[in-house]
Amino acid sequence: MHEPIAFVGSLDAREEAAFLAALRAALPEESLVPFRALTPAQREAVRVAVVANPDPAEVARLPRLAWIQSLWAGVERLVRDLGAAGVPIVRLVDPELARTMAEAVLAWTFFLQRDMPAYRRQQEAGIWRPLPYRAPAEMTVGLLGFGLLGAAAAGRLDEAGFRVAAWSRTPRARPGAEAGATLAGPDGLARLLAGSDAVVCLLPLTPATRGLLGAAQFAAMKPGAALMNFGRGPIVATDALLAALESGQLSHAVLDVFDTEPLPPESPLWRHPGVTVLPHVTAPTNPRSAAAIVAENLRGYRRTGRIPAAVDAARGY
Ligand code: NAP
């Protein structure tokens, strides 16, 4: 029997039980122990921690940790709190998560394409007024980020007949795109913003993406374009977004992620008619599929001693 795997998280009891049950079912050969139940000797021995919103002080009390497996795809908090310690952080790379996000991107793109926000407002005012139909082929969706989630979203949007543009840090192969690759750099961002009817943020939060979308970027977008933020809240400057919605430069924003979550009751985003607020639900981690990924990573590590590909703490993702 190996040393135990530590489970370090601050989840509610129901969520923690669901993750522990899924992980134990996927890893019957391992002993998975919540941090609070580890004996001092076990804490000394632990080499791997599976984490979900962990308290950094608890992780720091595992002195022989070789790597950390996150149950989330976004790891900006782990990198901020634990990156300096030098313990490799492995994020969740789960095709089921990508499928869920791609489904959400397609759903909310249809919501905008079929003018649902405008019809909602018309209904509230008792107005019967058909708006001109816009086919998917007449609409360009610009994806910021072309990683696991962005590439999956592009596939669903392509299938549905939307025109798709994408932007990433390094140009990524994208058959069918102009030049066969994603856009990159400041010029690429400017081109994507100017050419998109809806912009979808699927970027990680890093020092380079914090505040990336502000007044200048909204001014550079097509008048009447829409924004969807499914990446992380602080990538978007909220005041600038509200100003762009007020002026009509942007028609609508679908926001799943915020600077502070839960979104505070006093936030003007709650009541703005141009904003759809979602409680961080576009791509929740599925305990069962996540457990299968974690099990694969752990078994590889037990077999070979090799730590799975980890995030680059300096780059931030
Ligand atoms: P990923 O595979 O690491 O992809 C990230 C993409 O962003 C890559 O294309 C990367 O460029 C690009 N990028 C990073 N920094 C950039 C920069 N400074 N300028 C331009 N492009 C940049 O990540 P993922 O799995 O797709 O996830 C993306 C994010 O989605 C996560 O970090 C998380 O914050 C968020 N998320 C949200 C939810 C939700 O429910 N709302 C769920 C899961 C994840 P390269 O291709 O050049 O590396």
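Five strands of the predicted model form an open sheet in the order β2-β1-β3-β4-β5, with parallel pairing; strands are DSSP runs of E with at least two residues, helices are runs of H or I with at least four, and both are numbered from the N terminus. Two strands are taken to pair if DSSP finds at least two bridges between them. The edges of this sheet are β2 (32–34) and β5 (89–90), each of which pairs on one side only. Within the sheet, β1 (residues 5–9) and β3 (residues 48–52) are joined in the parallel sense over four bridges, and A6 has A49 of β3 as its bridge partner.

The model is a predicted one, in which local features need pLDDT of at least 70 and side-chain atom pairs count only at pLDDT 80 or more, whereas totals for chains, interfaces and linings use all residues. Residues are numbered from 1 along each chain as its sequence is written, and side-chain values use heavy atoms, with hydrogens and water left out.

A further open sheet consists of seven strands in the order β8-β7-β6-β9-β10-β11-β12, and its pairing is likewise parallel. Here β8 and β12 are the edge strands, each pairing on one side only. Strand β10 (residues 225–229) pairs with β11 in the parallel sense over five bridges; in β11, A253 is the bridge partner of L227.

Two backbone features are located in loops. The peptide bond from E261 to P262 is cis, with omega near -5°, and P262 belongs to the loop between β11 (250–255) and β12 (275–277). A179, a residue other than glycine, has a positive phi near 65° and is found in the loop between β7 and β8 (183–184).

The ligand is surrounded by 29 residues, the closest being F146, L149, T170, R172 and Y317; a residue is near the ligand if one of its heavy atoms lies within 4 Å of it. Polar contacts are pairs of N or O atoms within 3.5 Å. A polar side-chain atom of R172 lies 2.6 Å from an oxygen atom of the ligand. A backbone N or O atom of G147 lies 3.1 Å from a ligand oxygen atom, and a backbone N or O atom of A283 also lies 3.1 Å from an oxygen atom of the ligand. The protein covers 93% of the 930 Å² of accessible area that the ligand has on its own, as computed by the Shrake-Rupley method with a 1.4 Å probe. The elements giving two or more residues to the shell are α5 (95–113), α7 (148–159) and β7 (163–168).

By class, the shell comprises 15 nonpolar, nine polar and five charged residues; Ala, Val, Leu, Ile, Met, Phe, Trp, Tyr, Cys and Pro count as nonpolar, Asp, Glu, Lys and Arg as charged, and the others, Gly among them, as polar. At least three shell residues come from each of domain 1 (5–94 + 285–304) and domain 2 (98–277), with bounds taken from an automatic or database domain assignment.

The structure holds four aromatic pairs. Among them, W108 and F111 have ring centres 4.9 Å apart and planes at 75°, so the pair is edge-to-face. Rings of Phe, Tyr and Trp (its six-membered ring) pair if their centres lie within 6.5 Å, and planes under 30 degrees apart count as stacked, over 60 as edge-to-face and the rest as tilted. W108 and F111 are separated by about one helical turn because they lie three residues apart in helix α5.

Notes
Polar contact = N/O pair within 3.5 Å; in protein donor to acceptor, adjacent residues only side chain to side chain.
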